[in-house]
Each structure stands twice: as structure tokens, then as C-alpha cells.
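Work through the exercises below with the sequence and the model at hand. Each task is followed by a worked solution.

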Amino acid sequence: MHFFKQNGAGLLLCLAIALPCWYLGTLFPVIGGPVFAILAGMVLTLLLRDKSRFAAGIAFTSKKILQYAVVLLGFGLNLSEIAKVGALSLPIICSTIATSLIIAFVLYRYMKIPANISTLVGVGSSICGGSAIAATAPVIDADDEEIAQAISVIFLFNVLAALIFPSFGAAIGLTNEGFGLFAGTAINDTSSVTAAASTWDTLHGTQGAVLAYATIVKLTRTLAIIPITLALAFWQLRKARKNQTAARGTFSLKQIFPFFILFFILASVITTVSTLCGVDASFFSPITSLSKFFIILAMAAIGLNTNIIKLVKTGGKPIFMGLCCWIGITCVSLGMQHMLGLL
């Protein structure tokens, strides 16, 4: 009862934003519900003079609900299926992830882009867009404006990729399998991978084969959330211990370690074991749908805590970083396919 008294108003406000945004996301999947939710939250917060009664619920939604969404995302990962189909794409995935992170780090150092935004854009570009940002943000203690900035950058290049890549792939003569690998490794967000692969299937009459393949490649990329977040957690712990001497405070692994990632791993193991035991994969569909809705809910809260005017004023450098990551990933994905003889 105390929980709902403290957080209820903010939760209901986020829910009121999330429901129509979820519907809009189904109508316009290239844009997606999370982007609609962030934009709606940012506009609404300009109209709210006093958010004090909503503050606790908004904070809970933007932090805890975001972590719950990542945990539930694990139920959409069948590790045995990924091992069968995704193994071929692994060298390309590792190369594109490394490329994006290196580009983000170099630009962070030389363009003085804030560390958290650089990390979120680099990880979001290299792994799986909004889901990777959702998993990484709590680990590096990113604030809502930083999350909104990164999501906005990723969204821009998701839309461009979904619109451009099918025609681009045809122009350079990619095979069906080649485009599935290209879409799965070079496009950030799952919705945009789906949009691009579906367009290719329609143009080439492949009856959904490229969509299925690109989705498996994309899910293989999603697993990179695990080592990336764990590495960032230990990096944060190292920084905290360095600061401990100066501040004479106490920091522990328990404070910084992303334990929700362990539940994410457990969820994927449960899905894998269950399907091996004969449980149909569709059994977990409602849970993965709930995960997507939780992300929209959290993005509504993040939008409510974001100053849209400041976001626009400070957006130039992060957009340039996102562009560089996007170009780098595209070139490396195609280059690796050529080296491996897959083109």
C-alpha cells in the first residue's frame, strides 16, 4: 500500500503515455513505441508545472522497470537456436561491436563528448539499440537525459538503415543470406532489422527466409549485452575504489554489479531448456511482449525527466558519433563478409 501511495501517480502517468505509444509503435514499427514514448514524455513535461507528486513513480519506472524489461528480454533468447544459426555471424558481430566501441572511445577522447553518452551511443550502435542502452544505463548510472540523447541518436540511424539498406544491398549484389547477415549485424534495433529484412523479402519473394535469418543474427548480437555490461560494471567498480581513497567512503561489488543481468541470463537458460524439453517457443511470446512494453513504459518516464530544449542544443556531437559508428559498422560488416567469402 505504501508503495502505491508513493509511486502510484507517477506510474499511472507513465502508463497513460505508454499505452498509446505502444499502439503507435505497432502502426509505425520503423519508429517504434520507445521513441514515441520519449517524445511524448518530453512534450508533456513542458506542460507540467509541478511534477513533485509524480517524481517518485517516474524515477521508479525509469530505473527499476527498465531493469525488469531487460530481465524479461532474456525469455526471447533460445541459446541452442542461436548456437546453430548464429555461429556463422559471430566473427562479423565481434568485429562490428569492436569497431563501434573503438570509434566511440576515440571520439569521446578527441571531441570531449560526455563519457556516459559516448558509452551509450557506442553500445547501442554496436549491439541492439534501445535494449542495449536499457541494459547499460543502470550499470554506468546514466541519467535520463543521457539515455534520451542516446536513444534519439540510435533512432535516427535505425530509420535511415531500414529505408536505405534494402536498396543498397540489392545495388551491391548481396545474396539473400548476405543481406540477412548484413541487416542483422549492421542495423541497431530489432524493429529496424525486421523492417529492412521484411522489405528485402517482399522485393525478392523469399517468403520470410531473410527475416528469419536476420532475426537470429540479431539475437546473437543481443547476447553481447552480457559481457559488455559485466565489463562496464567492473570498470565502474575500479573507478569507485580509486575515488574511495579520496572520499574515504566504502564501495562494494554489490552496489555496482548489475545483478539484473544474471536474471537475464537465467531467463534465456530457462527458455533454452524448456524448448529442448518440448515447450513451444510461442509460450514465451507474452513475456517478450511484456518486456517490449516495459521498455516503452520506462522510455515514457525518461522523456518526462528530459529537457527537450537542452537535448536539441547538445545533440550535434552525439549525432556525429552515431553517424561515425553507423558508417564504421556498415563497412566492417560488408568487409568481413567479403573476407570470409560470404558475398
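**Exercise 1.** Describe the packing of helix α9 against helix α11 in this predicted model.

Solution. 
- Geometry: the axes of α9 (residues 176–186) and α11 (residues 209–222) come within 8 Å and cross at roughly 35 degrees.
- Hand: this crossing of α9 and α11 is right-handed.
- Residues: α9 contributes Asn176, Glu177, Phe179, Gly180, Leu181, Ala183, Gly184, Thr185 and Ala186, and these meet Val210, Tyr213, Ala214, Val217, Lys218 and Arg221 of α11.
- Classes: eight residues of the α9–α11 contact are nonpolar, four polar and three charged.

**Exercise 2.** State how α8 packs with α9, and which residues make the contact.

Solution. 
- Geometry: the angle between α8 and α9 is about 145 degrees, and their axes are 11 Å apart.
- Hand: α8 and α9 also make a right-handed crossing.
- Residues: Phe165, Pro166, Phe168 and Gly169 come from α8, while Phe179, Phe182 and Ala186 come from α9.
- Classes: the α8–α9 contact divides into six nonpolar residues, one polar and no charged.

**Exercise 3.** Characterise the largest pocket by its volume and its lining.

Solution. 
- Volume: the largest pocket holds about 1300 Å³ of space.
- Centre: 46 residues line this pocket, and Leu73, Thr190, Ser191, Thr288 and Lys292 are the closest to its centre.
- Elements: helices that each supply at least two lining residues include α1 (2–27), α2 (33–47), α8 (144–171) and α10 (190–204). The most comes from α15, with seven residues.
- Classes: the lining has 22 nonpolar, 20 polar and four charged residues.

**Exercise 4.** Which elements have the lowest and the highest mean pLDDT?

Solution. 
- Lowest: helix α13 (residues 253–256) has a mean of 54.
- Highest: helix α17 (residues 316–339) has a mean of 93.
- Reading: where pLDDT is low, predicted coordinates should not be read in detail.

Technical notes
Residues are numbered from 1 along each chain as its sequence is written. This is a predicted model: local features need pLDDT of at least 70, side-chain atom pairs count only at pLDDT 80 or more; totals for chains, interfaces and linings use all residues. Side-chain values use heavy atoms; hydrogens and water are left out. pLDDT is the predictor's confidence in each residue, from 0 to 100. Helices (H or I, at least four residues) and strands (E, at least two) are DSSP runs, numbered from the N terminus. Axes are lines fitted to C-alpha atoms, for helices over the stretch in contact, and angles run from 0 to 180 degrees between N-to-C directions. A crossing is left-handed if the near helix is turned anticlockwise from the far one by less than a right angle, and right-handed if clockwise. Contact means heavy atoms within 4.5 Å. Ala, Val, Leu, Ile, Met, Phe, Trp, Tyr, Cys and Pro count as nonpolar, Asp, Glu, Lys and Arg as charged, and the others, Gly among them, as polar. On a 1 Å grid over the protein atoms alone, a cavity is a set of points where a 1.4 Å probe fits but cannot get out, and a pocket is an open set with protein on both sides within 12 Å along at least five of seven lines; lining residues have an atom within 4 Å of a point. Grid points are joined across faces, edges and corners, and a volume is the space filled by probe spheres set on the points.
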